[in-house]
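Subject: Structure for you to look at

Hello,

Please find the structure below.

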Amino acid sequence: MSKKLICKISSSSHQYDIEIGSGLLFSQSHYLGLLASRFAIVSDDKIATLYGRQLQQYLANSGLEAFLFSFPNGEQYKTRQTKEDLENQMFEKGLGRDTCLIALGGGVATDIAGYIAATYCRGIPLVMIPTSLLGMVDASIGGKTGINVPYGKNMLGCTYQPKKIIIDIATLKNLPKKELSNGVVEMIKHGLIADSNLFDDLEKHAHQLLALESAILEKVIFESCRIKKEIVEQDEKENGKRRLLNFGHTIGHALELLSHYSLPHGEAVAIGLLVESHLSVKQKLLDQKSLDRIKKVLLQYGLPLKLPSRYPVQTILDAMALDKKSLKGKPRFVMIDAIGSALTYDSNYCTHVDESLIKNALHWMYDDLCCH
C-alpha cells in the first residue's frame, strides 16, 4: 500500500500527487500513458545503469516510446553545458511538445531535468522519480529547478511544478550509506524548523533508519515530505515562509561552492545547521542543550563534520553575499528558538546578523566544531 500527499499551490490552480511506497517504479504505465505519447528519461550515468534502462524497457513493454539520456554523476556536472548537451540529444531524437520528461535520480538529476522540462519547447510535462533520500524529501518537491555557475549554486533556474512525484523507497537499497546520511540532514532540518516530533523520531531511530527498516523509513519520509509540501503550498516563489527551508544552507552552500563541490551537499548543510544554530545560541534565542542535541543526532548518522580545507573567513562571507536571501549584498539567516520552532521576523522568516557574530561563528566552526 502506498501513501499519497497532494500538493496544492495556493498561488495557482496547480496540484499534484506525491506518492510514497515500495515497488512503485514499475507500476506507473497507465498514469504515464495519459500524460504523453513519448518519454525522455533523464538521469546520471549511475542511475541509468541501475534503473534507467529497466524503466525504458518497462515503458516499451507497456507500449510507450521512451528514450534514455544520461550525464556524468556528480554535482560538478550540474552546469549549463550539461543542460545544453541533454537538450541537443533530445532535439536529435526529434522530441517535441508531445514528450513527457521523467527526472530519474538524485537531486542533481531532478534539478537539471526539471529545468530542461521548464524550457524545452517552452515547457513539457514533468514527472519526478527521485531515487536518493535527499531527492525524495527535498529536491523533487516544490518545483525548484536549476544549475550551478562559477558564482554560486543554483544561480540559474526557475520554478516549475511536476505533474507527479513518485517516491519508491525500494530504490534506497542501492544507495550508499554516505548518501543516505546526506539525505537525513534535510529531514533533520525539517524537524528543526517545523516539527520537534520528526526530530525526536530521527533521534530515536537512527539505527533502524540506517538499516532501511521500512516502517520507520516510510513514516519519516512521509512526514518530511508533508512539512516541505505544506510550506511550498503557502509560498511557492520563496517570498517569505519558504525561506525557512534554507536553514543551514546560507553557510552550507558557501562551503559547497568553495570546495568546488568536493564537499557533498548533506555534509555541507550539516555543518551549516550547526553554525547557524550556534548563531541562534549567541543571540540568546536557542539554548546550548538544543545545540548539543543537534550535533549529537548528526553524529549518530555518521556525518563527519569535516572540511576539505580551511577557507579564509572573508572568502566565506563573500560567497554568502550571493545567497538568495541576501539583501543589498549582506546575507540573512533563518533563526530557530527551539527544536521545531523557527522565528518569523515579520513574515520575512530570516534576518541580518551582525558581521562580528558571523565571523565569530565561523571561527567556532574551525576551532571547535570541525577540529575533531
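This is a predicted model: local features need pLDDT of at least 70, side-chain atom pairs count only at pLDDT 80 or more; totals for chains, interfaces and linings use all residues.

Residues are numbered from 1 along each chain as its sequence is written, and side-chain values use heavy atoms, with hydrogens and water left out.

The sheet

Helices (H or I, at least four residues) and strands (E, at least two) are DSSP runs, numbered from the N terminus. Seven strands form an open sheet in the order β1-β2-β9-β6-β5-β3-β4, and the pairing is mixed. Its edge strands are β1 (3–8) and β4, each of which pairs on one side only; two strands pair if DSSP finds at least two bridges between them. On average, neighbouring strands of this sheet are turned by 20° against each other, direction ignored. Axes here are lines fitted to C-alpha atoms, for helices over the stretch in contact, and angles run from 0 to 180 degrees between N-to-C directions.

β5 and β6 run parallel and are joined by five bridges. L101 has L126 of β6 as its bridge partner, and A103 has M128. Five of the five residues of β6 are buried, so β6 is largely enclosed by the rest of the structure. Buried means under 20% relative accessible area, exposed over 50%, and partly exposed in between (1.4 Å probe, protein chains only). On one side of β6 the buried residues are L126, M128 and P130, and on the other they are V127 and I129.

The helices

Helix α2 (residues 45–61) has 17 residues and reaches 22 Å from its first C-alpha to its last, close to the 24 Å expected at 1.5 Å a residue. The expected span is 1.5 Å times one less than the number of residues. α2 bends by about 50° at Y51, the bend being the angle between axes fitted to the seven residues ending there and the seven starting there. At the start of α2, a side-chain oxygen of D44 comes to within 2.9 Å of the backbone nitrogen of K46. Just after α2, G63 has a positive phi of about 85°.

Which residues of α2 are buried? They are I47, A48, Y51, G52, L55, Y58 and L59. Their cover includes α1 (29–35), β3 (38–44), β4 (65–71), β5 (99–105) and β6 (126–130).

Helix α3 (residues 80–92) lies across β3, β4 and β5, at about 155° to β4. Helix α9 (residues 214–234) lies across β1, β2 (15–21) and β9 (164–168), at about 10° to β1. Of the 21 residues of α9, 15 are buried.

Two residues

K189 is found in helix α6 (residues 177–194). K189 counts as buried because its relative accessible area is 0%. Leaving aside neighbours within four places in sequence, K189 is in contact (heavy atoms within 4.5 Å) with D138, L245, F247, H249 and L273.

L291 is in helix α12 (residues 288–300). L291 counts as buried because its relative accessibility is 3%. Again leaving aside neighbours within four places in sequence, L291 is in contact with L274, S277, H278, V281, L286 and W364. L291 and V281 are 10 residues apart in sequence and 7.7 Å apart in space, C-alpha to C-alpha.

Regards

Definitions and conventions:
A polar contact is a pair of N or O atoms within 3.5 Å; within protein, one must be able to donate a hydrogen and the other to accept it, and residues adjacent in sequence count only if both atoms are side-chain atoms.
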